[in-house]
Each structure stands twice: as structure tokens, then as C-alpha cells.
Amino acid sequence: MNNSRIAVLASGTGSNVRAILQAAAAGSCPVETALVLSDKADAGALTIAKEAGVAQVLHITPKDYADRAAFDMACAEVIEAAGCHWVVLAGYMRILSEAFVQRFPQRIINIHPALLPAFPGADGAGDALRYGVKITGCTVHLVDEVLDGGPILAQQAVLVNDDDTRETLLNRLHTAEHQLYPATLARLVEQGFRLEGRRVIWRE
Ligand code: GRF
């Protein structure tokens, strides 16, 4: 399997999909996005991927499957058939079944809009703002069975301003994400890592 081939799973706007595709086109991120898959028919990510000429752009409807495990297995089969080494989550709003996570050990990556382990869950940016932290940021991490709980690959700090709203903070978090995600994918492909307990140690 070619370790530069990625599948991106996205449910929403797709700004991270765009950032990855643009970085790859610019030569700063040596990945080939072979597949973009969404559980939402109207996901912006699908439009962005089609416009960028991604080979396979798919919407798979969860309601067509008996349960979460069956839906996830259908997705896993498409990902494997496309020869993708990495499963890159970019605003994918579904909890992954254990069987899916175990099928791609240490090969599923997620980005979260907070400095984990602080503020996991659906609204990391809003939760950080409401809590009153002065520094937040974004985290790229491996996905394991614990929601937002896998080993951390990279983080980038973002300062919280006194006049921030959730929206203004999210805008700056997105800017940070759009740098951090492609840069971390590049390291995964070019450098690789090993795990010491929970610690990700990048290879020389
Ligand atoms: C990002 O903020 C990411 O951290 C979170 O979902 C959001 C996706 O945004 N997991 P987009 O669809 O890539 O614009």
C-alpha cells in the first residue's frame, strides 16, 4: 500500500479538505487524496473535492445501513479498495465503531479545534471560550476508541482575545488548522513516528 494515499472523511464545510488539497497541489504536502467520502449529501467538502478533481468523491447514506457497524464497514471497504493508507477525518461528525478503528490501527487521524485533552467533544472552540482560557488552539491526533482521546501528533496554540466571539475565535482556529493539518500529514508520510506509551516520537 502506498503510504501517501489518503481518504478524507468529512461531514461539513470542507475548509480542511480544501487546505489539504491546496497544499498537495502546491507541493508542500506529499499526499494523494484518492477518496473524499461524506455521510451528508450536501457537504461542502464533496463540492470542493469534485472541483479539485479528486478521483473518487462519494456520499454514503447512513440510513441505508442497518446500524453504525454496517455503515462503517461499507466505508472501510471503499477506503481499502481505493488503496488508502491514511483515513483523515476533517469535520466528520460521526462516532466511529470499534471495528472501524481497529481495522485502521494508528492510521486514522483527526483534527480538533482545542488543545486536547482540554475541551473534547462537539464544540471545543465554544467550550474553551466559555471556560475563559486565554490560550487555546488545535490538535491533530491519532484516533482510538476514546472520543478525541488518541495520542497527540501536533498542536498549535491560538490566543483568545477579550473581544472574541465563538465565530471570531473559530476563524483564527481554522487558519491554524489549515496550516497544521497539511504540515502534520506531510510529517506522517515523510518522517513517520513511533509510540512510547501515549507519546508520539517523530523519527529523525
Ligand atoms: C474543524 O474545526 C475541525 O477541527 C473539526 O471540524 C471542523 C471542520 O471544519 N473537527 P471544515 O469542514 O474542515 O471547514
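Start at the ligand and select Thr13: a backbone N or O atom of Thr13 lies 3.4 Å from an oxygen atom of the ligand. That is a polar contact, meaning here a pair of N or O atoms within 3.5 Å. This is a predicted model, in which local features need pLDDT of at least 70 and side-chain atom pairs count only at pLDDT 80 or more, while totals for chains, interfaces and linings use all residues. Residues are numbered from 1 along each chain as its sequence is written, and side-chain values use heavy atoms, with hydrogens and water left out.

Select Ile111: one of its backbone N or O atoms is 2.9 Å from a ligand nitrogen atom. Then select Pro113, where a backbone N or O atom sits 3.5 Å from an oxygen atom of the ligand. On its own the ligand has 370 Å² of accessible area, and the protein covers 86% of it. Accessible areas come from the Shrake-Rupley method with a 1.4 Å probe.

Next, go to Val17. Which residues touch the most other members of the largest nonpolar core? Val17, Leu153, Tyr181 and Leu185 do, in a core of 41 residues. Such a core is a set of buried Ala, Val, Leu, Ile, Met, Phe, Trp, Tyr and Cys residues joined through side-chain atoms within 4.5 Å. Buried means under 20% relative accessible area, exposed over 50%, and partly exposed in between (1.4 Å probe, protein chains only). Color helix H6, residues 166–190: H6 gives the most to this core, with nine residues. Helices (H or I, at least four residues) and strands (E, at least two) are DSSP runs, numbered from the N terminus.

Leaving aside neighbours within four places in sequence, Val17 is in contact with Val8, Ala10, Val36, Ala45, Ile48 and Ala90. Contact means heavy atoms within 4.5 Å. Another core lies apart, with 22 residues, among them Ile60, Cys75, Cys84 and Phe100.

Select Thr33 in strand E2. Is Thr33 buried or exposed? Its relative accessibility is 10%, so Thr33 counts as buried. Thr33 touches Ile6, Val8, Ile20, Leu21 and Val54, not counting residues up to four places away in sequence.

Follow the chain to Asp42, in the loop between strand E2 (32–38) and helix H2 (44–51). Asp42 has 70% relative accessibility and therefore counts as exposed.

Move to helix H5, residues 124–131, where Gly124, Ala125, Gly126 and Ala128 are buried. Cover for the buried residues of H5 includes strand E5 (108–112), strand E6 (135–142) and H6. After H5 comes Gly132, with a positive phi near 100 degrees.

Finish with the aromatic rings. Rings of Phe, Tyr and Trp (its six-membered ring) pair if their centres lie within 6.5 Å; planes under 30 degrees apart count as stacked, over 60 as edge-to-face and the rest as tilted. The count is four aromatic pairs. Select Tyr65 and Phe71: the centres are 5.8 Å apart and the planes at 75 degrees, so this pair is edge-to-face. Tyr65 is partly exposed at 31% relative accessibility, whereas Phe71 is buried at 1%.

Technical notes:
A polar contact is a pair of N or O atoms within 3.5 Å; within protein, one must be able to donate a hydrogen and the other to accept it, and residues adjacent in sequence count only if both atoms are side-chain atoms.
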